[in-house]
Amino acid sequence: MAGFFIDYLCAVKNDKKDIRALTKAQLRSFFVEQGDSAFRGNQVYEWLWQKSAHSFEGMTNLSKETRAMLNANFVINHIRVDQMQRSNDGTIKNAVRLHDGLIVESVLIPTKTRTTACVSSQVGCSLDCKFCATSRLKRMRNLNPDEIYDQVVAIDNESRLYFGRPLSNIVFMGMGEPLMNYNNVLKAIDKITSKEGLGMSPKRITVSTSGVPKMIKKMADEEVKFKLAVSLHSAIDEVRTTIMPFNATFPLKDLREALEYWYAKTKNKITYEYVVWQGINDTKEAVDALVKFCRFAPSKVNLIEYNPIDDGEFQQASEEAIALYQSVLEQNNITVTVRRSRGKDIDAACGQLANKS
Ligand code: SAH
């Protein structure tokens, strides 16, 4: 362990390292190696996470020398909200600039009783769901845990400022596939839920995935406490592969097996997100397949309104088709909700995040 930090600093050839990549234990050891106390590590950790400090200069309970030493060795790669747009329904969309100039978007969705943050997990997305605007952006990189955490802090601040209440829920439904940035998403959730971070209950957090079976099983093994949502959109392989081509690699059989495993381990109900499109999944056969899929593990269905992404290839199904889904699901005792879109006028709704502005 001795000299660990010397190696660590040499390895980055004097490039300053993101201090928030260090764990609390590493930060404590760093100060001990500097001849200071481990307690100093606790103080800095608190500034970084609980107080969301943007600079070392602002860490007022540290000596000038300590602040200068930190400045010489590390950076705080804080995000910057470059642009904030407000929808006429109250939804707020942030264009978030990362330290390397890349941009992601996050959204605040207010209702009477809740404020939900919809956060991004990747810059762009490696999946190619045909109906999603984000899929048109190349996946540039994964977000770091602190970049995910900062999006949440920014929205919590906006929630307090504009709605007079703290953030109540978080959904990983922004840009990217959270389970393809698994470690960083889990680290961010650790910080969001820990007392040394925001202290939010994991029950108020939902991770939404297109369905990566191996990672769903891994989450189940790690007994995570947050909720799981799966973007299903079709329970028929041929149809799902047409609209979500990665289904060819991770077919429904594997997804189903992973979800059964998830429920057995966590006893946590699954939410299926589902858009009904004209000519794609607006048939009785599609509804019956969904009902059958819902039987594998306790679940509920969230019928999402389609948010057009310009090219007219996909059209929201008729009211009758949606009503058919609702009635058949209800007859089969499956909870179903219909979710109206929010923030459409500023391209902040599901699947519309594409850094347009
Ligand atoms: N990659 C993750 C999270 C991002 S997408 C996932 O697939 O779940 C968040 C949700 O928006 C998903 O349910 C997705 O299927 C849905 N979505 C994508 N494009 C949409 C669109 N144009 N209209 C409505 N919902 C859309």
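**Notebook: domain interface and ligand site**

I began at the interface of domain 1 and domain 2, where the rule finds three salt bridges (a side-chain nitrogen of Lys or Arg within 4 Å of a carboxyl oxygen of Asp or Glu). This is a predicted model: local features need pLDDT of at least 70, side-chain atom pairs count only at pLDDT 80 or more, and totals for chains, interfaces and linings use all residues. Residues are numbered from 1 along each chain as its sequence is written, and side-chain values use heavy atoms, with hydrogens and water left out.

Next came polar contacts across the interface. I noted five residue pairs, both residues at pLDDT 80 or more. A polar contact is a pair of N or O atoms within 3.5 Å; within protein, one must be able to donate a hydrogen and the other to accept it, and residues adjacent in sequence count only if both atoms are side-chain atoms.

On the side of domain 1 that touches domain 2, helix α3 (residues 38–50) gives the largest share, three residues. Helices are DSSP runs (H or I, at least four residues), numbered from the N terminus.

I then checked the bounds. The domain assignment, automatic or from a database, gives domain 1 as 2–75 and domain 2 as 101–346. Their C-alpha centres lie 36 Å apart.

The buried area is about 810 Å², with 44% from carbon and sulfur atoms. It is the accessible area (1.4 Å probe) that two parts lose on being put together, summed over both. In domain 1, R20, W49 and Q50 lose the most, together 60% of what that side buries.

Last, the ligand. I found 21 residues around it, with F131, S208, S210, S231 and H233 coming nearest (a heavy atom within 4 Å). An N or O atom in the side chain of S208 is 2.6 Å from a ligand oxygen. Backbone N or O atoms also lie by ligand nitrogen atoms: G176 at 3.0 Å and N307 at 2.9 Å.

Technical notes
Helix = DSSP H or I, 4+ residues; strand = E, 2+ residues; numbered from the N terminus.
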